[in-house]
Amino acid sequence: MWSMVKSVLAALLGVQSSQKWQDDFSSGRPIAYIVIGVVITFLLVLALIVLATVVAR
């Protein structure tokens, strides 16, 4: 699970190698990566909203 999260974070930041990308999708289920990606994206957006709210006060 932790390796999937690290892989999604690396892909989100654009620093993942093509070899790692190929390894990830040959060994894991794509739906797991999609779910983790959606959750991480949601948490990122939520953190940005909270940060903007705090700064605006």
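Author: Helices and strands here are DSSP runs, numbered from the N terminus. The model is a predicted one.

Reader: In what order do the elements of the protein run from the N terminus on?

Author: The order is α-α-α. That makes 3 helices and 0 strands. The radius of gyration is 14 Å, well over the 10 Å that the globule rule gives for 57 residues, so the protein is more spread out than a compact globule.

Reader: What does the C-alpha trace span along its principal axes?

Author: About 45 × 20 × 15 Å. As for burial, 21% of the 57 residues count as buried, the cut-off being under 20% relative accessible area.

Reader: How are two packed helices described?

Author: By the angle between their axes and the distance between the axes. In this structure, helix H1 (residues 2-13) packs against helix H3 (residues 30-56) at an angle of about 60°, and the axes lie 10 Å apart. The crossing of H1 and H3 is right-handed.

Reader: Which residues of H1 and H3 meet?

Author: On the H1 side they are Met4, Val5, Ser7, Val8, Leu9 and Leu12. Their partners in H3 are Ala32, Tyr33, Ile36, Gly37 and Ile40. By class, the contact has 9 nonpolar residues, 2 polar and no charged.

Reader: Where in the protein is confidence lowest, and where highest?

Author: Confidence is expressed as pLDDT, from 0 to 100. Helix H2 (residues 18-27) has the lowest mean, 78, while H3 has the highest, 93. The protein as a whole averages 86, and 100% of the residues score at least 70.

Note on methods:
Residues numbered from 1 in each chain as written. Predicted model: local features only at pLDDT ≥ 70, side-chain atom pairs only at ≥ 80, totals over all residues. Heavy atoms only, no water. Axes fitted to C-alpha atoms, helices over the stretch in contact; angles between N-to-C directions. Helix = DSSP H or I, 4+ residues; strand = E, 2+ residues; numbered from the N terminus. Left-handed = near helix turned anticlockwise from the far one by under 90°. Contact = heavy atoms within 4.5 Å. Nonpolar A, V, L, I, M, F, W, Y, C, P; charged D, E, K, R; others polar. pLDDT = per-residue confidence, 0-100. Rg over C-alpha atoms; globule rule 2.2 N^0.38 Å. Buried < 20%, exposed > 50% of the residue type's maximum accessible area, 1.4 Å probe, protein only.
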